[in-house]
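This report is an introduction for someone meeting the structure for the first time. It begins with a ligand shell and then turns to the domains, the overall fold and a few individual residues.

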Amino acid sequence: MKSLQHPVILILGAGAVGLSLAGKLTTVARVYAACRAAHAAAIRERGLIMEGVWGDGTVGGITPVTGPDEVPPAVDAVVITAKGTDTRAICEEYAGVIRGRPMASLQNGIGNEEIIAEYTDTVIGGTVTTNFSVAGPGRVRVQSESAPMHLGAWSGDGGAPGRLIEIVRSAGIPVEADDDIRSGKWTKALLNIAVNPLCALLLAPVGVAADENIREIVVGLIRETYAVADAEGVRLPWATADDYLAHLFSVQVPDFAAVYPSMYYDLRRGRRTEIDLLNGYVARLGKRHGIPTPHNRCIAGLVRYAEAHPR
Ligand SMILES: NC(=O)C1=CN([C@@H]2O[C@H](COP(=O)(O)OP(=O)(O)OC[C@H]3O[C@@H](n4cnc5c(N)ncnc54)[C@H](OP(=O)(O)O)[C@@H]3O)[C@@H](O)[C@H]2O)C=CC1
Ligand SMILES: CC(C)(CO)C(=O)C(=O)O
């Protein structure tokens with residue numbers, strides 16, 4: 001990232017999160033959004049339509065691309081917002097563009113940064129605790145923001161996160177530096193482990209987590225995740241699982257009560273989910289450490305079954 005004057009940003013896998021980010025960044029950067037053809041056609045024709053807490057209106061100036069040949073050579077930074085299930089494939093497709101450039105992940109789950117590090121030296125870990133959805137081709141909705149975006153050095157050039165933070169902040173997106181982004185990814189994953197699969201399976205918004213029939217399952221998922229994180233040496237901001245659960249039920253579930261998480265849309269659209277980067281990952285690590293994870297194993301099994309039997 002040489003210059004902050006007119007940075008050129010490439011967003012890889014632009015759907016709900018990536019197109020929303022593109023819409024905001026276009027005020028401060030030249031933005032290329034690698035997206036599917038239907039989004040690209042709609043954006044070329046009339047711009048990106050945004051609604052919600054990141055602003056309402058039609059945003060021009062985003063250049064959609066559908067392959068690496070359409071990306072100019074002068075990219076300063078890459079941000080990946082594809083699903084974790086697509087990380088390797090999209091990195092392969094855009095490998096020539098990624099190589100030698102700082103690349104940030106805003107994806108949920110654990111394991112994406114390790115894959116990205118195979119394609120470039122400077123990797124920035126990131127989290128975003130805002131609800132995004134696709135309302136149609138080239139049309140996104142941004143609802144409920146519960147915490148600022150977090151960005152922090154994963155590998156390589158330690159100055160890269162600071163430069164990206166400046167760009168993101170100047171676009172009006174709340175963002176903070178995270179000096180332990182490995183723990184930051186786990187911290188964000190707690191919320192997704194607690195609510196994403198349940199909402200996807202029950203076809204319910206996040207508020208369902210507080211239902212008296214469901215709450216106990218959420219408690220089990222999080223207590224197991226805490227035990228596994230502890231065995232992995234991950235430092236979480238809440239000392240105990242029950243401290244985090246208090247935050248989840250008093251802040252995060254109310255903030256997102258009325259909206260549906262990303263995994264809900266995956267199952268509804270018959271797509272693969274990120275379950276193996278979330279609850280499935282916890283179950284796998286639990287096995288390795290000899291920690292029982294019956295809640296996470298059960299929920300991961302149910303999601304895998306639902307993936308294989310689209311409704
Ligand atoms: N939605 C949310 O509220 C939040 C999501 N996240 C995380 O952010 C990440 C992205 O989520 P979200 O934006 O909801 O997901 P989306 O599915 O809406 O967006 C990802 C987009 O990338 C596209 N894509 C995949 N591969 C390619 C490719 N090779 N070339 C071009 N486009 C490609 C997908 O197309 P296709 O579907 O056709 O494969 C899809 O349109 C996930 O890790 C999610 O967990 C984090 C915080 C909040
Ligand atoms: C924070 C939350 C729940 C917002 O939708 C999310 O990360 C997701 O949908 O995956």
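In the shell around ligand 2, α7 supplies the largest share, four residues, where helices (H or I, at least four residues) and strands (E, at least two) are DSSP runs numbered from the N terminus. This is a predicted model, in which local features need pLDDT of at least 70, side-chain atom pairs count only at pLDDT 80 or more, and totals for chains, interfaces and linings use all residues. Residues are numbered from 1 along each chain as its sequence is written, while chains are lettered from A and ligands numbered from 1 in the order in which they are written.

**The two ligand shells**

The residues around ligand 2 are Asn108, Thr129, Asn131, Leu191, Asn192, Val195, Asn196, Phe256, Val259, Pro261 and Ser262, a residue being near a molecule if its C-beta atom, placed from the backbone, lies within 6 Å of it. The elements that give two or more residues to this shell are β8 and α7. Because domain 1 (8–179) and domain 2 (183–308) both contribute residues to the shell, ligand 2 lies between them.

Around ligand 1 there are 25 residues, of which Gly13, Gly15, Ala16, Gln107 and Asn108 come nearest. At least two residues of this shell come from each of α1 (16–25), α3 (87–93) and β8, and β8 gives the most, with four residues.

The table sets out the make-up of the two shells by class, where Ala, Val, Leu, Ile, Met, Phe, Trp, Tyr, Cys and Pro count as nonpolar, Asp, Glu, Lys and Arg as charged, and the others, Gly among them, as polar.

| Shell | Nonpolar | Polar | Charged |
|---|---|---|---|
| Ligand 2 | five residues | six residues | no residues |

**Domains and overall fold**

The protein chain is divided into domain 1 (8–179) and domain 2 (183–308), with bounds that come from an automatic or database domain assignment. The C-alpha centres of the two domains lie 24 Å apart. Their contact takes 19 residues from domain 1 and 18 residues from domain 2, two residues being in contact if their C-beta atoms, placed from the backbone, lie within 7 Å. On the side of domain 1 that touches domain 2, β8 (123–136) and β9 (139–155) are the elements that give two or more residues, and by class this side has two nonpolar, 15 polar and two charged residues.

There are twelve helices and ten strands in the protein chain, and its C-alpha trace spans about 50 × 40 × 35 Å along its principal axes. Of the 311 residues, 49% count as buried; a residue is buried if 20 or more other C-beta atoms lie within 10 Å of its own, exposed if 12 or fewer, and partly exposed in between, with C-beta atoms placed from the backbone. Among the contacts with a separation of 6 or more, 69% join residues 24 or more positions apart.

The protein chain averages a pLDDT of 97, and 99% of the residues score at least 70, pLDDT being the predictor's confidence in each residue, from 0 to 100. The model scores ipTM 0.99 and pTM 0.98.

**Helix α11**

In helix α11 (residues 279–289), Asn279, Gly280, Tyr281, Val282, Ala283 and Gly286 are buried. What covers these buried residues includes α7 (181–202), α8 (215–231) and α12 (294–308). Just after α11, Gly290 takes a positive phi of about 70 degrees.

**Individual residues**

Most residues other than glycine have a negative phi. Ser144, however, has a positive phi of about 50 degrees although it is not a glycine, and it lies in strand β9. Ser144 counts as partly exposed because it has 18 C-beta neighbours inside 10 Å.

Leu203 is likewise not a glycine, yet has a positive phi of about 55 degrees; Leu203 lies in the loop between α7 and α8. With 12 C-beta neighbours inside 10 Å, Leu203 counts as exposed.

Ala258 lies in the loop between α9 (241–256) and α10 (262–268) and is exposed, with 12 other C-beta atoms within 10 Å. Leaving aside its neighbours within four places in sequence, Ala258 is in contact with Pro205 and Gly207. Ala258 and Val208 are 50 residues apart in sequence and 9.1 Å apart in space, C-alpha to C-alpha.
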